[in-house]
Amino acid sequence: MDIHANTPSNALPAEPGINELPPSLRALAAAGIARSYRRGTVLIEEGSQGDSLYLILSGSLRAYACDARGREITYGVYGPGEYVGEMSLDGGPRSASVITEAAARCVIVPRTSLLAHISAHPEFALELLTKVIRRARAATLSTKQLALNDVYGRLKTLLQQETQIGEELALTHQAMAQRLGCSREMVSKLIKDLEAGQYLLRVTNGRYRRLKDLPARW
């Protein structure tokens, strides 16, 4: 749900967050419309038609897919200076859903404006292509992990990606389950076992510190 009325494109340079963007994205933002969204707003639905790109000024967005039972898997969480929606610019259906993880302000850039931007700034085409390739690689790795690793193997990889030894983990059990493609109950059981083995230390409710390298298998 929008919190504020649409902002005219000629007013965008005054938008908070615009000046923090790289020059190429600043020019792109000037071609769109800024809107604010509450936490939990679904911006994109998997399978729907759409041709707009969402450039994030503040807050965070999560890209995910959902199966018939309502179980979710997270593809990525994106913050200021990043954008989502680029995969449907070929005219095909949306490949994932996108929801606001925190209250967010985004610039919505339609396909026609993006193409005009690429024409005026051809170097941005390479940046966009690189972004698509990186996300495709991340999706391939995620699929490989789901197919070849058990839940603990996926959890171990996630914990090692998100924290160094001595650092705190900010993900909730539900967020971890969404990243791993499993139930929250399974994550809770594994986290409890890792606490008992003194691999993780509960610092506060919902936050843990990784104390040492995790075992290869559990």
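This is a short chat about the predicted model shown above.

User: What am I looking at, and which ground rules apply?
Analyst: This is a predicted model; local features need pLDDT of at least 70, side-chain atom pairs count only at pLDDT 80 or more, and totals for chains, interfaces and linings use all residues. Residues are numbered from 1 along each chain as its sequence is written, and side-chain values use heavy atoms, with hydrogens and water left out.

User: What is the average pLDDT?
Analyst: The protein averages 83, and 89% of the residues score at least 70. pLDDT is the predictor's confidence in each residue, from 0 to 100. Over residues 1–13 the value is below 50. That stretch still has 32 contacts in the model beyond near neighbours in sequence. Contact means heavy atoms within 4.5 Å.

User: How should low pLDDT be read?
Analyst: Where pLDDT is low, the predicted coordinates should not be read in detail.

User: How many helices and strands?
Analyst: Six helices and nine strands. Both are DSSP runs, numbered from the N terminus: helices are H or I with at least four residues, strands are E with at least two.

User: And how much of the protein is buried?
Analyst: Of its 218 residues, 42% count as buried. Buried means under 20% relative accessible area, exposed means over 50%, and partly exposed lies in between (1.4 Å probe, protein chains only). The protein exposes about 11700 Å², with carbon and sulfur atoms supplying 53% of that. Accessible areas come from the Shrake-Rupley method with a 1.4 Å probe; for residues, only the protein chains shown count as cover.

User: What about the largest nonpolar core?
Analyst: The largest one has 20 residues. A nonpolar core is a set of buried Ala, Val, Leu, Ile, Met, Phe, Trp, Tyr and Cys residues joined through side-chain atoms within 4.5 Å. L155, L159, M176, V187, I191 and L194 touch the most other members. Helices α4 (151–162), α5 and α6 each supply at least two residues. α4 gives the most, with five.

User: Which other residue has a positive phi, without being a glycine?
Analyst: Q198, at about 60 degrees. Q198 lies in the loop between α6 and β8 (200–204). Its relative accessible area is 55%, so Q198 is exposed.

User: New topic. How many aromatic pairs are there?
Analyst: The structure holds one. Y83 and F124 form a tilted pair, 6.3 Å centre to centre, with 50 degrees between the planes. Rings of Phe, Tyr and Trp (its six-membered ring) pair if their centres lie within 6.5 Å; planes under 30 degrees apart count as stacked, over 60 as edge-to-face and the rest as tilted.

User: Where in the chain are the two partners?
Analyst: In distant parts: Y83 is in strand β5 (residues 83–84) and F124 is in helix α3 (residues 123–148), 41 residues apart. Both are buried.

User: Which charges sit over rings?
Analyst: The charged end of K131 sits over the ring of Y83, 5.1 Å from its centre. R135 lies over the face of Y78, at 4.2 Å from the ring centre. The rule: NZ of Lys or CZ of Arg is within 6 Å of the ring centre and within 35 degrees of the ring normal.

User: Last one. Is S97 buried or exposed?
Analyst: Buried, because its relative accessible area is 10%. S97 is in strand β6, residues 97–110. Beyond four places in sequence, S97 contacts I44, E45, E46, R62, A63 and Y64. The C-alpha atoms of S97 and L43 are separated by 7.5 Å, at 54 residues apart along the chain.
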